[in-house]
Structures are given as C-alpha cells and as structure tokens.
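Here's a walk through one protein chain, meant to be read with the model open beside you. Have a look at the fold before reading on.

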Amino acid sequence: MKELLKQYEDKAPEIVFHWNDPETEAEGWTVINSLRGGAAGGGTRMREGLDMNEVLSLAKTMEVKFTVSGPAIGGAKSGINFNPRDPRKKGVLERWYKAVSPLLKSYYGTGGDLNVDEIHEVIPITEDCGVWHPQEGVFNGHFKPSEADKINRIGQLRQGVIKVIESKDYSPDIRRKYTVADMITGYGVAVAVKHYYDIYGGDIKGKKAIVQGFGNVGSAAAYYLAQMGANVIGIIDIAGGVIKEEGFTFEEITDFFLNKKGNTLAAANLIPFEEMNRRVWELPAEIFAPCAASRLITRKQIDSLIDNRLEVVSCGANVPFADKEIFFGEIMEHTDKQVSLIPDFISNCGMARVFAYFMERRVEMTDEAIFEDTSETIRKALTNTHGHNASKTNISSTAFEIALKQLI
C-alpha cells in the first residue's frame, strides 16, 4: 500500500490553473489531478494562507473519494488565498468563477467547501457566468449526455441537493426546513459506525461516543449517532464543550443541534474550551467522530482515547490527524494499527455520493431513497474492505490499497 501511495502522491497533476485577481491581493488555483473518465470534480474553498500544495492534496483526496462515491472521474479542487470575512469577497468570487468558467463548461465540476457556500455563492455566481450548473463540466466531460438529457439531469441535481427534508426520520425538526446538503455528510459519518459494527461484529446501541466539532458535519453526526442508539457522552467544539458520562439523551442531543449558534455549540452548561480539551480525551468511549478541521488530532490525544477503550474512529473531517503527509502519516498509521479507523473517503463521502446519485438518469427523489443510497454506498465500501481484510485493524490501509489499485 505504501508503495502505491508514494506513486500516487508523487505523480504530477494533469492541470494546474493559476489566477491572480486584478483588483485585490487574492490568488487562486484549480488543480485537476487527472481527467479520469473525461472529467474531474472538487469544491471551491477560501481561506487566508491557502497555497497550491493544499489544493493539490485536496484534489488527490477527491480522486480517492470518487472510487467509493462515484462517478469514476478524476479529483480536483479550487482554492483561493483570501480572507473570507473581507467585504470584497463577493467580487473576488465573481471574478474567479468568470476566469474558471471555461473549465466548468468543459470537464470540471465544483461545489461549496470551506468558507464558500454552495447554494448562496457557487450556484448563482456560476450561473451569471453562463454555466448551467457548477457540475456541468462533469456532465459534458464524463456522461456526455444529449442536450435534453443534460437539462433533465441538471434539473434533478439542482432540485435534489437543496431538497428540504420532509421525513421525521432524517430531520431534527421538519419545521426548520433542513436540506439534504445540511445533513447528509454527518449522516454518513454516523451510518458508517452502524455498518462497521454490523460487518465487523457488535452493535452501535449502547456504545459511548465522543464528537469533535459541531458545525454541519459534527452536529448531524451527533444527532444520527444518538438516533441510532449510541450514547454521546462528550462534544468538544471551538466554543467549548459538554460532558455527560452516562450519555446525553436523544432529546438533549436534538436540542443541542437545534440551538447551535451558526456552526458552534451553544449550551447553558458549556465547559470552557481549555478545560474541555483537557478532559475529553480521557473519557471512556468506544466511538470517536472527528468532525472539526483537518490535521488537529495529536498522537497524545488519540493514545489517550485508545487507553480509554476506543474501538472505532469515523472521520468527518478530511485528514483529521496532525500529520504533514497528504494521506497516511505517522499518527494515522499508528491509529489504524491500534483500532478500527474508517477513512474519510468512506465515512464522509455523503455529499459526493449525493452529487453522483442525482447525476444518474431519473432517480427517486424521496428522503429515504437519497439517504439510503448514501448508506448503501458506505456499507458496500466497508463490506469490500472487510472482504480483503477481516481484521478490525488496518481498515484504512486496506481501503486505500483497494482505491489506489483503481487509480494507478
């Protein structure tokens, strides 16, 4: 696996598009790792200090993810080095998408990512640039549909991603009008744990869980873990955290979800971050869902969780461990050898899978069909991994090997 990984990491990307904004200090890159299957896909992020290497690593990560989620295309990513809180952000995005629109019409599909909103920024701005949908390039490059078929499938994709969840089985409150895009990634993180126990042995019910991060992914993961019968005993977020060693009730977790302030946890009994960060890693829990930013989890933190009966890690964040390597660094490898580590490209593939699902010909648009499709995609990936290695350790290295053999 390591030899395959080195080959994959060292291979130069096919296309690097570099842009300097004529009106601000903003600088941007689209990195297309390959045009596998005639197209490539990956979202657009913005943050101060971003560089081309970050975009390249994310493009390679997307390509691995597509081996699980589909479609069978290359990985790509766009990144803009600019402060997303700057009032000039909208103008920067408008000029960026105008510059990159020929790629989006031909063979590249994008979406929202860190500090760039799919619904309110990506879709309307790309439309103003003459792009039918941010995924139009994937349709044209990979699917090559007729004009009528493209119109139908783009309509299906547009409607599906922003579809308001109507089922009480998948929404914390149907009156709040949560969309598929709001909930699907966190759902995947939780259902990956359920499938893990079903396939490798055990039962999610009664297992204690810790969730790191309470944005879209972490809050949804906590909600669905509790719904599936796990006892969430700790949530740590940038604002602080909460602990209840016997486990919060499903109703309490639902209240945390409904009362969050933007992307942060809000609770009357919020423990300050410094204290929470000391205590949370020593809690006895079988499940850990890192759903905050990338590259945060230290060796000391994961070892403390392992010492306190950790069984499975389901990654909501891409590359959650504080490793410098693109994919499989020292901390990740150490964790993979000690406990069951479900890699990010399986556990957080929900949104990528939703895009792939709606790109197919006329699919069912019900909540159950959409969420069950993501669930089944994750189940198949874990079953395939188990078929190659039935051990509860080295799950990530096995999954990477399966993916890389498709790409090299």
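What follows goes from a helix to a sheet, and then to a few spots in the loops.

This is a predicted model, where local features need pLDDT of at least 70, side-chain atom pairs count only at pLDDT 80 or more, and totals for chains, interfaces and linings use all residues. Residues are numbered from 1 along each chain as its sequence is written, and side-chain values use heavy atoms, with hydrogens and water left out.

**Helix α7**

Let's start with α7, which covers residues 180-200. Helices here are DSSP runs of H or I with at least four residues, strands are runs of E with at least two, and both are numbered from the N terminus. From first C-alpha to last, the 21 residues of α7 reach 29 Å, close to the 30 Å expected at 1.5 Å a residue; that expected span is 1.5 Å times one less than the number of residues. Still, α7 has a kink of about 25 degrees centred on tyrosine 187, where the bend is the angle between axes fitted to the seven residues ending there and the seven starting there. How many of the 21 residues of α7 are buried? The count is 16, so α7 is largely enclosed by the rest of the structure. Buried means under 20% relative accessible area, exposed means over 50%, and partly exposed is in between (1.4 Å probe, protein chains only). Just after α7, glycine 201 takes a positive phi of about 110 degrees.

**The six-stranded sheet**

Next up is an open sheet of six strands with mixed pairing, in the order β9-β8-β7-β10-β11-β12. β9 (240-243) and β12 (340-342) stand at the edges with a single partner strand each, so one side of each is left without a neighbour in the sheet. Two strands pair if DSSP finds at least two bridges between them.

Strand β7 (residues 208-212) pairs in the parallel sense with β8 (residues 231-237) over five bridges, and four bridges join β7 to β10 (residues 287-290), again running parallel. Isoleucine 210 stands opposite glycine 234 in β8 and opposite phenylalanine 288 in β10, while alanine 209 stands opposite valine 232 in β8.

In a regular strand the side chains alternate between the two faces of the sheet. In β7 both faces are covered: Lys208, Ile210 and Gln212 on one side and Ala209 and Val211 on the other are all buried. From β7 the chain crosses through helix α8 (residues 216-227) to β8, and this β-α-β crossover is right-handed (with the strands pointing away from the viewer, the path from the first strand over the helix to the second runs clockwise).

**Glutamate 252**

Glutamate 252 sits in helix α9 (residues 250-259) and is partly exposed, with a relative accessible area of 28%. A polar atom of its side chain lies 2.7 Å from the backbone nitrogen of threonine 249.

**Loop spots**

The peptide bond from glycine 70 to proline 71 is cis, with omega near -10 degrees. Glycine 70 lies in the loop between α2 (52-69) and β5 (74-81) and is buried, with a relative accessible area of 15%. Two residues other than glycine with positive phi are listed below.

Terms used. A polar contact is a pair of N or O atoms within 3.5 Å; within protein, one must be able to donate a hydrogen and the other to accept it, and residues adjacent in sequence count only if both atoms are side-chain atoms.
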